[in-house]
Amino acid sequence: MSRPGKVPDRLAQIVEDFELCEGREKLELLLQYAESLPPLPAWVAADESSLEAVPECMTPVAVAAELVDGGMRFYFKVPAESPTVRGFAAIVEEGLRGATPEQVLDLPADFYLQMGLQEVLTAQRMNGMSAIVAHVKRLAVAQLA
Amino acid sequence: MNSVYAHPEYLVETEWVAAHLNDPAVRLVESNEDALLYETGHIPGAVKVDWFTTLQDRVRRDFINQSEFEALCSGLGIANDTTVVFYGDKNNWFACYAFWLFAYYGHRHLRIMNGGRLKWTQENRPLSKDVPAYPAARYHASPPDRAIRAYRDDVLRQVEHHLPLVDVRSPQEYTGELLHMPNYPQEGAMRGGHVAGAVSIPWATAVNPENGVFKTADELRRLFESKGVLPDQEVIAYCRIGERSSLTWFVLKYLLGYPRVKNYDGSWTEWGNLVGAPIEKGPGQ
């Protein structure tokens, strides 16, 4: 049967940082993440077919993945006019950097609820995060195959 | 056929806004779907409202009440005679919602900036990260204008009298194939489909996708009249939570001049959960 999954250490630290923020501070921190989302690496930018679209209604999000020394790296493309979703992508990019594919699959799908962003963004807006998490898990599965 | 909007004074162009950035009689208000977009840069001098943290009651399912609305306006430096110009992302979707709420509490001088953020940025006009603060204004709201808000009983009456209901959601939501917008599962309902007798006119068809500008009066008139939505009857528009339909409400009431138009903010997340409510599935009319 299922057992509780584990949040990788890097991501757990980010979750805790958000948890410790109150109200508006959570949004300010999310904005910092949105602004820190790294540009696509040259090999992805040169060949955008390496990006997979995350099926999401209002915001076009695309992601590519590779395995570097046994750890996952995710590369996201999110429009600048969607900073909330950029913030979600940056949290996942940084928090899961170097995690093994097994660790990515072990991540609880609702890990982000502990950050409390739904209090300032609405539960509906958190669906972008759910979609991103579901998609990086699919990319992790592909690395195991 | 009349090719001009019925009430063009409720619409301003980006040029007009650029020329009124320092006009103390004008308050620019940004209202977005994305809760962080304002912070990445907004029109200089614009204040922000957020539909969730600013405009909704935190406990009940409802928007803010009259005294909370007065406090909001006061804090944003909006007086009763201030001209309030709304704009935002995603075809002014949430800007129209904020406009509707201000109209509900009787604010008289309301505008939508045609094209919203999209057109402003396409024209390389300035954006600023400075969050302005304005001196508190005195504000007295009018009693709610029930003539622009539909409750579920109004919708039921509309069904029983075979009067026009406009469903502005995606075609898949209308037919009942989807219980929610793609990837918005928590805004679902127990039943899929549409209010019995409603016609499907997706909200974004009123806007040119390239620049977010409203379509011409002739195009809009054809869009609604071809579906049997005529100005001589009361019309109710709805979507999932009443925000997309605010844009349709604005189009019908101000651009086409329909005299009696209501927005049903309970929308599908209420109707699709209501025991015994008349629903139809499939392509409809």
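Which residue is the bridge partner of Ala62(A) in S3(A)? In this predicted model, that partner is Lys77(A), and the pair belongs to the contact between strand S2 (residues 61-68) of chain A and S3(A), which run antiparallel and are joined by 7 bridges. These strands form part of an open sheet of 3 strands in chain A, in which the order is S1-S2-S3 and the pairing is antiparallel. Because strand S1 (52-54) and strand S3 (71-77) of chain A stand at the edges with a single partner strand each, one side of each has no neighbour in the sheet. On average, and with direction ignored, neighbouring strands of this sheet are turned by 40° against each other. Helix H4 (residues 83-95) of chain A lies across S2 and S3 of chain A, and runs at about 165° to S3(A).

In chain B, helix H7 (residues 217-225) has as its buried residues Ala217(B), Leu220(B), Arg221(B) and Phe224(B). These residues lie on the same side of H7(B), because the arc that they cover around the axis is only 100°. Such an arrangement can be read against the geometry of an α-helix, which has 3.6 residues a turn, so that residues three or four places apart point the same way. The buried residues of H7(B) are covered by elements that include strand S6 (165-167) and helix H8 (244-255) of chain B.

Aromatic rings were also examined, and the count over all chains comes to 28 aromatic pairs. In chain B, the charged end of Arg27(B) sits over the ring of Tyr134(B), at 3.5 Å from its centre, while the charged end of Arg58(B) sits over the ring of Phe52(B), at 4.9 Å from its centre.

Notes. Residues are numbered from 1 along each chain as its sequence is written. Chains are lettered from A and ligands numbered from 1 in the order in which they are written. This is a predicted model: local features need pLDDT of at least 70, side-chain atom pairs count only at pLDDT 80 or more; totals for chains, interfaces and linings use all residues. Side-chain values use heavy atoms; hydrogens and water are left out. Rings of Phe, Tyr and Trp (its six-membered ring) pair if their centres lie within 6.5 Å; planes under 30 degrees apart count as stacked, over 60 as edge-to-face and the rest as tilted. A charge sits over a ring if NZ of Lys or CZ of Arg is within 6 Å of the ring centre and within 35 degrees of the ring normal. Two strands pair if DSSP finds at least two bridges between them. Helices (H or I, at least four residues) and strands (E, at least two) are DSSP runs, numbered from the N terminus. Axes are lines fitted to C-alpha atoms, for helices over the stretch in contact, and angles run from 0 to 180 degrees between N-to-C directions. Contact means heavy atoms within 4.5 Å. Buried means under 20% relative accessible area, exposed over 50%, partly exposed in between (1.4 Å probe, protein chains only). The arc is that of the directions from the helix axis to the C-beta atoms.
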